[in-house]
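Please keep the sequence and the coordinates at hand while reading.

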Amino acid sequence: MRSPPIPEMATQEVQLSETLAHLKTESDTLKGKLEEERAKLHDVELHQVAEKVEGLGQFVMKTRRTLKGHGNKVLCMDWCKDKRRIVSSSQDGKVIVWDAFTTNKEHAVTMPCTWVMACAYAPSGCAVACGGLDNKCSVYPLSLDKNENLAAKKKSVAMHTNYLSACSFTNSDMQILTSSGDGTCALWDVESGQLLQSFHGHAADVLCLDLAPSETGNTFVSGGCDKKANVWDMRSGQCIQSFETHESDINSVRYYPSGDAFASGSDDATCRLYDLRADREVAIYSKESIIFGVSSVDFSLSGRLLFGGYNDYTINVWDVLKGTRVSILFGHENRVSTLRVSPDGTAFCTGSWDHTLRTWA
Amino acid sequence: MQEQQTAFATFLMRYSPLEVIVVEMQDPKSGVTGSEQKLNVTTIPHVFAGKDIIAWIANKMKTPPEEAHVFGTMLVAFGYIYPLQNHKMLVMCNDTSLYRFQVNPCFLRNQLTNVFDVVAAIYLAKRNIRKKGMLEPYEQAHYNHLHKWLNHKWDFIVMQATEQYKAGKERKKPDRVVFDCQERAYWILNRPPRRTHSAMDCGPERLIDPNEDENMFYQQAIMRSKVKSSVSLGALVKYITTYKTHDPFLAPCQPSNPWQTDNDTYWTLNMRGVDVPTKMRVERWSFSLFELLTDLRGRDDFKVFLKKEFSGENLAFWEAAEELKWGTGSSMSAKAETIFKTFLAPGAPRWINIDGRTMGLTVKGLDHPHRYVLEAAQTHVFLLMKKDTFFRYLKSPVYKDIQKKALSPETHNFSPAQLEQNAQNRSPGIHPIILWQQEEEEKAKTAAASAPVDVKAMMSKIDRKK
């Protein structure tokens, strides 16, 4: 029995690498052309446009509530649409629903896994979703009865092949969007647990996502360890825009309130603003003295302020238009791991590795 | 000591700005001024006071002392500097507390070195020893890559590999074989050679060639319409200017921000079902149709206007299409059928007036309904409302009426004693689950009230009663 002749295999290998090389050259040419097209339309910088805008005054932002109850690092939080309740999750597997205004704990669930990295409040206020190292996203319907065992009604919705990094309900309680360490995002039907759409394109773990607030509501943005921020069409599963200007993992992405731009926060210690219509990065929020990564970002209601939670335990507040830092807030005794502005913009909440959550206003 | 320090400095130079600063801090001329610590009869050199370190940072980075303090704490938290007293408290104190710089690279918690890579390197180095340099090509390639990437740690890695190799030799042969197989299987799974089928086919080493898809993506990106920066940035500025007075961080909430005064009147006045909304809320409805529809109280007011114009079917269709899009998979066909009968069928009771082509496509799509089947029709209807109906609403007596009636609450002026009181008596509000149940009941009532009357059923009911 003769083995296949070696030269034949070698030719195949050569052909394959030639095709790959050809594709690579084509890719580089196209990339260059895209940059050219983008540059043609780039007629003004953000800070130039911002010159005519009034400067901001002094800010007095303080911790208004400190929520103590988690036994370990707080990893994620989300607001309820009622503007006062929140859900938070931590490393010890506990998910707690609080009325942040009164600081009362209303519900507590213990997940079967540790490192619950993602949690979300349903739009109706009647359920919460969470997940982490169990590679799943589960939905827990909430109850008015404080003694009810919520774990009994738990519904397993999403299944990934690696950890769940973020989750979010869409416009209703019936669909959940998830991102995972397996490099994909996915849209799920809650009732049946069916996968409705999956989104492939990231070359490494996807760490964060945010749904567009627009009237069409059909797109979302995701950020990953491949330093890319991708904008996706929920209907087709296609990546419609991609931005790769960060120098390290993107930990957080958040849409600008109008839906025409989004901000990102990364381990490279910068926050950046991307304009979707001009298809380019338009601002970098950084300072020489800030060298620790950003874990989480969110905009104030008008979009003028960008709040960033950092790994050096602080919160930096940026003037989105002028690119300057307007305030630095201290208080947490360990990394700020999550930050969200409340639905009516009256406050923002931060969660930290110091086991607490704080609301600021 | 000098040699070690230079080697250390070189090792650091490859890495982050943080580590560059740490090196600068130790410069004998321009760095932090050090001194000696007397411990019984021993004198320990190279000690630094916390306040000196913080002052140096503040000066070098031109930051306020508080920020420099935070930076100093970071250096301690990450092990670049360690405290000599209270060594369990990994913070920097802004006083005469003493600190030293961590010099031994093995004790540095270098965030940038992937621990997994170090473990992989130790494994390959061990195999290299066993196979006497004859690694498989993919292993060799990986070994070379790690050797370059972790060059500074290589002595440590080889030392660990040698230790493990020696310990392995001392195992009984059958145990050794099993262990080796297990270890090898682990590495084949986690660092598969090229062209191996792995269930974990992800990451930059994966088999699917991203280049092909990439080129298509770039072509589409080039063709996609883009807007001039001046236009899009101008729009961002316009948005900010429009919403400036509505942003609680930029302008005070009326009557007061509940988080600041512990009084939740602001939330009560802005609830879903209020009779009379506030002036700010009514103003916000005028910013865009999206704002008007997102605020359910605004949507109600819009519906009052549409009823007067006898043109409520567009909004009703839009709402039904939203329910289909965001609803459960199982309810889709039933919803699609109801929508067809109510809005799209010829002679339907709430027939919507959309162009022939869109109507044709939509009706055809309803044969096999999916959640986006009504997308084209919904967009058409939304644009119609946005460009025409919305503006007529803003000029209508309905809107002007609600503008006049709208409340303008007076700013709260609580004394410190009152604020204390407020803090003791924070209102629990209404639970969202209760509100949700109320809303669902309302929706069911309105749906029943506005459903098209089935004449046949009514006639047969009357007949049965006779």
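Helices (H or I, at least four residues) and strands (E, at least two) are taken here as DSSP runs, numbered from the N terminus. With that convention, Leu150(A) lies in the loop of chain A between β8 (136-141) and β9 (155-159). The model is predicted, so that local features need pLDDT of at least 70 and side-chain atom pairs count only at pLDDT 80 or more, whereas totals for chains, interfaces and linings use all residues. Residues are numbered from 1 along each chain as its sequence is written, chains are lettered from A and ligands numbered from 1 in the order in which they are written, and side-chain values use heavy atoms, with hydrogens and water left out.

Leu150(A) is buried, at a relative accessible area of 5%. A contact is a case of heavy atoms within 4.5 Å. Beyond its neighbours within four places in sequence, Leu150(A) is in contact with His107(A), Val109(A), Tyr140(A), Pro141(A), Leu142(A) and Ser143(A). From C-alpha to C-alpha, Leu150(A) and Ile315(A) are 34 Å apart in space, and they are 165 residues apart in sequence.

Ser264(A) belongs to strand β19 (residues 261-266) of chain A. The relative accessible area of Ser264(A) is 0%, and the residue is buried. Once neighbours within four places in sequence are set aside, the contacts of Ser264(A) include His246(A), Ile250(A), Ser252(A), Cys271(A) and Val297(A). One of these, Ile250(A), is 14 residues from Ser264(A) in sequence and 6.7 Å from it in space, C-alpha to C-alpha.

In chain B, the secondary structure comes to 23 helices and 4 strands. Of the 466 residues in chain B, 39% are buried. Among the contacts in chain B with a separation of 6 or more, 58% are between residues 24 or more positions apart. Chain B exposes about 27800 Å², of which carbon and sulfur atoms supply 58%; accessible areas come from the Shrake-Rupley method with a 1.4 Å probe, and for residues only the protein chains shown count as cover.

Ser232(B) is part of helix α10 (residues 229-243) of chain B. Is Ser232(B) buried or exposed? With a relative accessible area of 3%, Ser232(B) is buried. Apart from neighbours within four places in sequence, Ser232(B) is in contact with Asp275(A), Arg277(A) and Ala278(A), as well as Val227(B).

Backbone geometry deserves attention next. Most residues other than glycine have a negative phi, and most peptide bonds are trans. The peptide bond from Gln254(B) to Pro255(B) is cis, with omega near 0°, and Pro255(B) is found in the loop between α10 and α11 (258-261) of chain B. Lys132(B) has a positive phi, near 50°. Lys132(B) is located in the loop between α5 (115-130) and α6 (137-149) of chain B and is exposed at 70% relative accessibility. Phe310(B) also has a positive phi, near 55°; Phe310(B) is exposed, with a relative accessible area of 73%, and is found in the loop between α15 (296-309) and α16 (313-326) of chain B.

The helices on either side of that loop can now be considered. Axes are lines fitted to C-alpha atoms, for helices over the stretch in contact, and angles run from 0 to 180 degrees between N-to-C directions. On this basis, α15(B) and α16(B) pack at an angle of about 140°, with their axes 9 Å apart. The contact involves Arg299(B), Phe302(B), Lys303(B) and Leu306(B) of α15(B), together with Leu315(B), Trp318(B) and Glu319(B) of α16(B).

Helix α19 (residues 375-395) and helix α20 (residues 397-405) of chain B pack at about 50°, with their axes 5 Å apart. Angles under 35 degrees count as roughly parallel, over 145 as roughly antiparallel, 65 to 115 as roughly perpendicular and the rest as oblique; α19(B) and α20(B) are therefore oblique to each other. Tyr393(B), Leu394(B) and Lys395(B) of α19(B) meet Pro397(B), Val398(B), Tyr399(B) and Lys400(B) of α20(B).

Conventions
Buried < 20%, exposed > 50% of the residue type's maximum accessible area, 1.4 Å probe, protein only.
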